[in-house]
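Subject: Structure for your review

Dear colleague,

Please find below the structure that I am handing over to you, together with its sequence. My account of what was found in it comes after the display.

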Amino acid sequence: MNTRHSGIGMTSQRTRLRMVERLRRQGIRDEVVLGVMGEVPRHIFVDEALASRAYEDIALPLGFGQTISQPYIVARMSELVHAAAPLAKVLEIGTGCGYQTAVLARLAPQVYSVERLAALLSHARRHLRELRIVNVRLRHGDGQFGIPESAPFDAIVMTAAATHVPRILLEQLAVGGRMVLPVTERGRQHLAVIERTRQGYTENRLDQVKFVPLMPGTE
Ligand code: SAH
């Protein structure tokens, strides 16, 4: 057994179940997503000093100026992605610490995730390995370009806010698939869900949100 974070490990199952009850009260309805949120140990993904706060509904710092999204947002985005069933292949842009990636890996057989910061990607790799998650391919790159050679994807999730939806990503969406992302407009962000139909694309705007901005290039 892994001894890292063993202090919280003892109680984390119970704490997670309380988190799931809170997500339910906050309006998350998809039982599969709630089940996954109850299983994935979020404290593995955050700095040891913050592990005891991992199940609170707050965003936490990841270092490098980035944050791990609050559990509600991860559940909400996962629910929106999961509704695009059947999900064979999912693309995530903005791996961060890999927590959302781990949740997606339980909802889809194949997950690809792109992160622009090499240092964060190596943390994510370590966390996913620790949980023995093997159906994720991580890539260091600028996610705005997606992964053309692995397209089309049944769902694309972006976890950094864009001022416009990158056209290249929409082209990598399968017909019937959906993209979920935060979009910034006049200083405000909201979640957008874009669906690709045979005729073209439809867009719906949902909750107001707060994400770090999408940045160009790699570091
Ligand atoms: N889902 C992550 C959220 C991390 S915050 C988690 O739960 O931990 C958003 C992430 O998007 C950051 O890690 C940031 O470095 C990354 N990012 C920003 N612009 C990007 C781009 N163009 N391509 C890939 N990743 C990007």
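This is a predicted model: local features need pLDDT of at least 70, side-chain atom pairs count only at pLDDT 80 or more; totals for chains, interfaces and linings use all residues.

Seven strands make up an open sheet of mixed pairing, and their order is S5-S4-S3-S6-S7-S8-S9. The edges are taken by S5 and strand S9 (201–208); each has a single partner strand, so one side of each is left without a neighbour in the sheet. On average, neighbouring strands of this sheet are turned by 15° against each other, direction ignored.

Helix H3 (residues 71–82) packs on this sheet, where it touches strand S6 (153–158), S7, S8 and S9. The direction of H3 makes about 150° with that of S7.

Helix H5

Helix H5 covers residues 118–130. Its 13 residues should span 18 Å at 1.5 Å a residue, and the end C-alpha atoms are 19 Å apart, which agrees. H5 lies across S4 and S5 and runs at about 165° to S5.

Which residues of H5 are buried? They are Leu120, Leu121, Ala124, His127, Leu128 and Glu130. An α-helix has 3.6 residues a turn, so residues three or four places apart point the same way. The packing partners of the buried H5 residues are strand S1 (60–63), strand S2 (66–68), helix H4 (99–105), strand S4 (110–115) and strand S5 (136–140). Just after H5, arginine 132 has a positive phi of about 55°.

Strand pairs and their turns

S1 and S2 run antiparallel and are paired over three bridges, with glycine 63 opposite glutamine 66 in S2. Their hairpin has two residues between the strands. One feature of the loop between S1 and S2 is phenylalanine 64, which has a positive phi of about 60° although it is not a glycine. With a relative accessible area of 47%, phenylalanine 64 is partly exposed.

Strand S7 (residues 173–185) and strand S8 (residues 188–196) are antiparallel and joined by eight bridges. Glutamate 185 has arginine 188 of S8 as its bridge partner. In the loop between S7 and S8 lies arginine 186, another residue that is not a glycine and yet has a positive phi, here about 50°. Is arginine 186 buried or exposed? Its relative accessibility is 78%, and arginine 186 therefore counts as exposed.

S8 also pairs with S9, in the antiparallel sense and over six bridges. Valine 193 stands opposite asparagine 204 in S9. These two strands form a hairpin with four residues between them, and glycine 200 in the turn has a positive phi of about 160°.

Most residues other than glycine have a negative phi, and most peptide bonds are trans. Proline 152 is placed in the loop between S5 and S6.

Valine 114

Valine 114, a residue of strand S4, is buried, with a relative accessible area of 3%. Not counting residues up to four places away in sequence, valine 114 touches Leu91, Glu92, Ile93, Gly94, Thr95, Arg139, Gly141, Asp142, Gly143 and Ile147. Valine 114 and glutamine 66 are 48 residues apart along the chain, and their C-alpha atoms are separated by 15 Å.

The largest pocket

How much space lies in the largest pocket? The value is about 510 Å³. The pocket is lined by 35 residues, of which Gln66, Thr67, Gly94, Thr159 and Val212 are the closest to its centre. At least two residues of the lining come from each of S2, H3, strand S3 (89–93), H4 and S4. S2 supplies the largest share, three residues.

Yours sincerely

Technical notes. Residues are numbered from 1 along each chain as its sequence is written. Side-chain values use heavy atoms; hydrogens and water are left out. The expected span of a helix is 1.5 Å times one less than its number of residues. Buried means under 20% relative accessible area, exposed over 50%, partly exposed in between (1.4 Å probe, protein chains only). Contact means heavy atoms within 4.5 Å. Two strands pair if DSSP finds at least two bridges between them. Axes are lines fitted to C-alpha atoms, for helices over the stretch in contact, and angles run from 0 to 180 degrees between N-to-C directions. On a 1 Å grid over the protein atoms alone, a cavity is a set of points where a 1.4 Å probe fits but cannot get out, and a pocket is an open set with protein on both sides within 12 Å along at least five of seven lines; lining residues have an atom within 4 Å of a point. Grid points are joined across faces, edges and corners, and a volume is the space filled by probe spheres set on the points.
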